[in-house]
Amino acid sequence: MNKRLRSILVTLCVGVLALVVFFVVQTVINNQTSSGEGKESNKQITKYEVGDVASVKVELANGEYYFVTEDAVASQGGSNVAYKVTFNGVYEGLEYNASLAKQVVAYASVLSASRDMGVQTQENWGVFGLENPASTVTILLTNGTSTKLYIGNSASGGLGYYCRVDGDDHVYVVLPIYGETLTKSANDMRLSLLTTENTVEAIESMEWEYKGGKFIRIYRDMEVSVFNPHVNFFIKEPWDMAFPVNGDTMQMFIENMAALEILGYVTPKIDGTEVKLSDYGLDDPWGYYKVVCVDGTVIEYSFGNDVSEDSDYECYVLDHNSNQIYIVNKTKAAYPGQHDHLELTSPYVVLANLNDIESVKAEYDGKTSIFMHKRQSEGLDEEGRIIYSHTYTLDGMTYDDMAMGLLYRNAIGMRIQNQYRSAEYEKTPMLTLTFTPFDTTEEARVISFYKINNDLCAVEINGVINVMASVTDVNDYIEAIQIVKDGGKPDYKL
């Protein structure tokens, strides 16, 4: 190869390499521009005192808009200002996320840039999503002046959101939290949870009704009975007698219904058309939930149709307080229905602590056997509490304390098996137990067990039959009396 040809080839290679370097550098520059690399910046885009802001209006690309203004009633003056949201300029009464409303004003008032993309002409706005911005934020001050911010695309790499402000040719990148907050949709600004009081102490009564006549009604009784030493709530319906509610189950019930997450919004209809409850199955709901709080607050929900035929995960709910229709998780909404009356109440026919009961009289097969508990004050302990000595006898004879304790637990350990529903039963009881408290102001609890068949017996409590128990449990107690008398120990049922 001659020198002339080699020189030409070298020249061509250098030229190609230069072109490659040019395009690589240009690509890097373009990528930096489109990915938000820019220059680091600490420029303050807006800097207003919160008290100087009359309103912040957020207009979204889809035409929705909302105003955030001060809530004079809720504000406490100074810097502790509360805000309200007006949706599409009309729906001021809609419940909204108060903390988000406050953030919108705070972030719009003091907005700083984390990066500066430099001066950009209108031809370049499309690269940053600012030709048709995700939101236009208008800050109106109390002196009548206003400023507009334009929030564009999210910058790649999670750097934040592109932003432009009227009167400034630069495009900036603001932190993700600023961009996310100032592009919230109208529904995102609305209430996100349907909440109820989530403590037992705050609730006076609670109702849950199922389509088809199933219902649970729970009410508060402030007096703690000897026969209800653990809880202050009773279930009254559908039985005439009041049964104590299991405290742990009650708390779980309340906590599960305390915050229903709103998955979607039906009302109000922005086009102003009428909302018909029948369109959502709320004219004949499958569930109804009501809580009355100690302070008089009433919370009511009705649950309607599934949102789609393909899934039973979501359903419509009517909040009676706001008269708004939302979409919630049906599995959570239906939680109370997974517990029938017996599961909510105590599983035992009677609850009473041994130290509160003076005697238990058992009558069966023409016999009477009396379990007697005697207690005597021995003085006070260091904290001023009474110290008692205890003596237990069965038909006048003293037996092993452990055996007597187990015998007592057998007496209270008979489980409720089901609700009594007018079944025929024998007229002579298999067993009658009379629990007499030490407290003379408390009525004795008289329980008679009438055999229905070989499995179940009707249980009469102080003259009323509402539930059934197991024949086996009754026979076990009768046998346990004889086992103790023979020097043995009955099985521990609880």
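This is a predicted model: local features need pLDDT of at least 70, side-chain atom pairs count only at pLDDT 80 or more; totals for chains, interfaces and linings use all residues.
**Entry 1: a tyrosine pair**

I began at Tyr 425, which counts as partly exposed at 25% relative accessibility. My scale: buried is under 20% relative accessible area, exposed is over 50%, and partly exposed is in between, with a 1.4 Å probe and protein chains only.

Residues are numbered from 1 along each chain as its sequence is written, and side-chain values use heavy atoms, with hydrogens and water left out.

**Entry 2: rings**

I looked up the aromatic pairs and found 16 in the structure. The ring centres of Tyr 420 and Tyr 425 are 6.2 Å apart and the planes meet at 65°, so this pair is edge-to-face. The rule takes rings of Phe, Tyr and Trp (its six-membered ring) with centres within 6.5 Å; planes under 30 degrees apart are stacked, over 60 edge-to-face, and the rest tilted. I also found a cluster linked by ring pairs: Trp 208, Trp 286, Tyr 289, Tyr 301 and Phe 303.

Next I checked charges over rings (NZ of Lys or CZ of Arg within 6 Å of the ring centre and within 35 degrees of the ring normal). Lys 57 lies over the face of Tyr 65, 4.8 Å from the ring centre. Arg 375 lies over the face of Tyr 388, at 5.0 Å.

**Entry 3: the sheet**

I counted the chain's secondary structure: eight helices and 28 strands. These are DSSP runs numbered from the N terminus, helices being H or I of at least four residues and strands E of at least two.

I then traced an open sheet of nine strands, ordered β23-β22-β21-β20-β25-β26-β27-β28-β24, with antiparallel pairing. Pairing here requires at least two DSSP bridges between two strands.

Helix α7 (residues 401-412) packs on the sheet and touches β20, β21, β22 and β25. The direction of α7 makes about 80° with that of β22. Such angles run from 0 to 180 degrees between N-to-C directions, with axes fitted to C-alpha atoms, for helices over the stretch in contact.

I went on to β25. Six of its seven residues are buried, so β25 is largely enclosed by the rest of the structure. Six bridges pair β20 with β25, and Val 360 stands opposite Phe 435 there. Five bridges join β25 to β26, with Val 446 as the bridge partner of Thr 434.

**Entry 4: cores**

I looked for nonpolar cores (buried Ala, Val, Leu, Ile, Met, Phe, Trp, Tyr and Cys joined through side-chain atoms within 4.5 Å). The largest has 40 residues, and Phe 435 is among those with the most contacts inside it. α8 gives the most to this core, with seven residues. Phe 435 touches residues including Phe 227, Val 350, Tyr 408 and Ile 447; a contact is heavy atoms within 4.5 Å. A second, separate core of 35 residues includes Val 56, Val 68, Phe 87 and Tyr 96.

**Entry 5: the whole chain**

Of the 494 residues, 42% count as buried. Among contacts with a separation of 6 or more, 58% join residues 24 or more positions apart.

How values were computed
Lists of a residue's contacts leave out its neighbours within four places in sequence.
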